[in-house]
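Please consider the sequence and the model shown below. The paragraphs that follow lead through selected features of the fold.

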Amino acid sequence: MLQISLAQTEEYSNSGSYYTQEADSCTPSSSTSNDIETILFGGGDQIGKDMGYEICVASTGSSNFDIIAEEIKSSNACQLTLSRNGNFTRGDDC
């Protein structure tokens, strides 16, 4: 998640905005994880599956974002959130 946050800094420097996939909240999936890998890291397997999580990036207002990671398993998946300002939260199932 920190690696994505650092990549967001570079994205902002290059484009003037942060990369986001949804407004307010998002649901992590293999598709959203792959998009992050492609857009922020230029492809390859940089994040997510190797760690057992799918990840997405939600826009939370003007120039803000939340990175949401959800454990890959069938039920009671742990969800972690890292905000642009560095606030880290864990879901109840972690």
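Where is Ser-63 found? In this predicted model, Ser-63 belongs to the loop between strand E2 (53-59) and strand E3 (65-71). Its backbone deserves attention: Ser-63 is not a glycine, yet its phi is positive, near 60 degrees. With a relative accessible area of 37%, Ser-63 is partly exposed.

A second residue may be described in the same terms. Asp-24, likewise not a glycine, has a positive phi of about 70 degrees. Asp-24 is located in the loop between strand E1 (22-23) and helix H2 (30-41). Is Asp-24 buried or exposed? Its relative accessibility is 62%, and because values over 50% count as exposed, Asp-24 falls in the exposed class.

The strands named above belong to an open sheet. This sheet is formed by 5 strands in the order E1-E2-E3-E4-E5, and the pairing is mixed. E1 and strand E5 (88-90) stand at the edges; each has a single partner strand, so one side of each is left without a neighbour in the sheet. The partner relation can be followed in detail for E1 and E2, which pair in the parallel sense over 2 bridges. Here Ala-23 stands opposite Ser-59 in E2.

Helix H1 (residues 2-15) lies across E2, E3 and strand E4 (79-83). Relative to E3, helix H1 runs at about 155 degrees.

How values were computed: Residues are numbered from 1 along each chain as its sequence is written. This is a predicted model: local features need pLDDT of at least 70, side-chain atom pairs count only at pLDDT 80 or more; totals for chains, interfaces and linings use all residues. Side-chain values use heavy atoms; hydrogens and water are left out. Helices (H or I, at least four residues) and strands (E, at least two) are DSSP runs, numbered from the N terminus. Buried means under 20% relative accessible area, exposed over 50%, partly exposed in between (1.4 Å probe, protein chains only). Two strands pair if DSSP finds at least two bridges between them. Contact means heavy atoms within 4.5 Å. Axes are lines fitted to C-alpha atoms, for helices over the stretch in contact, and angles run from 0 to 180 degrees between N-to-C directions.
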